[in-house]
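Thanks for coming. I have one model to show, and I'll begin with a single side chain before stepping back to the whole chain.

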Amino acid sequence: MTKAQFFDRVNHWAKQKTPFLFLVDFEKKTPLVFSFEEAEEQGIFFDIKGQTNALNFPEEAPPQLLEKKGIPFDEYRPAFEKVHREINHGNSFLLNLTFPSKIRLEGSLKTVFLHAKAPYKMCWENRFTCFSPECFVRIEDDFIFTYPMKGTIDATLPNAKEKLLGNTKEEREHHTIVDLMRNDLSQIAREVSVTKFRFLEKVSTNEGPLYQTSSEIRGKLPNDWRSSLGEMLFQLLPAGSVSGAPKDKTTSIIRAAEKDKRGFYTGIFGVYTGTTLDTGVMIRFIEKNNDSHYFRSGGGITALSNAKEEYDELIQKIYLPIF
């Protein structure tokens with residue numbers, strides 16, 4: 001599907017108040033939009049806060065993450081150092097560096113999708129599944145909201161909340177992404193403001209709980225936003241929390257450091273119900289390549305980042321939210 005075809009279909013269905021599912025890859029080369037029935041025919045299933053086309057599946061035993069083989073630190077470090085040099089030269093202030101890690105999974109991608117507990121879930125059979133905690137944008141009553149998420153810590157650590165909120169690197173990273181997303185929303189909305197700043201959320205995983213920090217940003221859309229919804233979404237992409245700032249230069253550094261395309265990983269997907277739009281960032285992502293599974297993860301790099309700490313965070317994010 002071309003961008004023009006995507007824009008036409010999204011805008012037409014939005015104006016007609018016809019429900020649909022859409023997804024856009026990180027590189028913005030493969031935008032797709034489906035009716036709910038078309039998505040099911042393609043083997044694409046979604047669950048966004050209970051809005052789902054995945055009904056009446058037979059019960060299966062919960063999947064298990066049997067083994068994870070993160071990228072070796074000696075392979076991660078050169079990419080980190082390349083990114084760090086670019087940051088120190090002033091070419092980026094914040095960059096999200098990601099890598100795939102091979103895992104051994106007991107159960108299918110669909111089984112992971114059905115059992116995972118997350119607000120934004122999607123599965124494309126035999127291709128990938130994601131169980132994302134992160135909203136991209138939400139539109140309700142002509143207001144657009146975004147919830148940038150930056151900062152994660154093991155919730156079982158002593159004084160975990162205080163350590164996360166008091167971490168200077170994490171605080172600066174969060175400020176940067178909030179400023180970026182506020183500026184992004186200002187391109188398409190007015191009266192943009194930060195309505196909640198750096199609040200804590202707890203995420204349960206099969207390896208224990210995590211704390212993460214998020215903020216809420218809100219803007220007022222024009223009354224005719226449905227007639228240009230497709231173009232509006234593209235104007236906001238890629239999501240700032242999984243690219244960085246400044247966005248264009250940082251994205252080019254990402255391509256050089258990561259080498260491989262991300263595809264749908266760190267892209268977005270969402271559902272338009274006829275009245276509201278809710279979308280998620282495609283993180284916490286497992287893809288199937290031949291007979292192997294890979295979990296893609298990463299984290300934000302700043303001038304204050306330490307290679308080993310960032311590598312450890314990348315590995316820590318490999319989990320199943322099944323408990």
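Which side chain has a polar atom 2.8 Å from the backbone nitrogen of T302? That side chain belongs to S305.

Before I go on, a word on what you are looking at. This is a predicted model, where local features need pLDDT of at least 70, side-chain atom pairs count only at pLDDT 80 or more, and totals for chains, interfaces and linings use all residues. Residues are numbered from 1 along each chain as its sequence is written, and side-chain values use heavy atoms, with hydrogens and water left out.

Back to S305. It sits in the loop between strand 18 and helix 9. Helices here are DSSP runs of H or I with at least four residues, strands are runs of E with at least two, and both are numbered from the N terminus. S305 counts as buried because its relative accessibility is 9%. The cut-offs: buried is under 20% relative accessible area, exposed is over 50%, and partly exposed is in between, with a 1.4 Å probe and protein chains only.

The side chain of S305 also makes a polar contact with the side chain of E310, at 3.1 Å. A polar contact is a pair of N or O atoms within 3.5 Å; within protein, one must be able to donate a hydrogen and the other to accept it, and residues adjacent in sequence count only if both atoms are side-chain atoms. Leaving aside residues up to four places away in sequence, S305 touches F80, H84, K169, G300 and E310. Contact means heavy atoms within 4.5 Å.

Now helix 9 itself, residues 307–316. At its start, a side-chain oxygen of N306 comes within 3.0 Å of the backbone nitrogen of K308. The buried residues of helix 9 are A307, E310, Y311, E313, L314 and I315. What covers them includes helix 3 (73–88), helix 6 (168–186) and strand 18 (292–301). Strands 5, 6 and 11 are also among the cover.

For contrast, take another serine. S252 is in helix 8. S252 counts as partly exposed because its relative accessibility is 25%.

Next, backbone geometry. Most residues other than glycine have a negative phi, and most peptide bonds are trans. Here are the exceptions I want to flag. The bond from L237 to P238 is cis, with omega near -5 degrees. P238 is in the loop between helix 7 (229–236) and strand 14 (244–245). The bond from A245 to P246 is cis too, with omega near -10 degrees. P246 lies in the loop between strand 14 and helix 8 (247–258).

Then two positive phi values. D142 has a phi of about 70 degrees, in the loop between strand 9 (135–140) and strand 10 (143–146). E191 has a phi near 55 degrees and sits in strand 12, residues 190–203. E191 is exposed, with a relative accessible area of 58%.

Finally, the whole protein. It has nine helices and 18 strands. Of its 323 residues, 55% count as buried. The C-alpha atoms fill a box of roughly 50 × 45 × 35 Å along the principal axes. Among contacts between residues at least 6 apart in sequence, 72% join residues at least 24 apart.

That's my tour. Questions, please.
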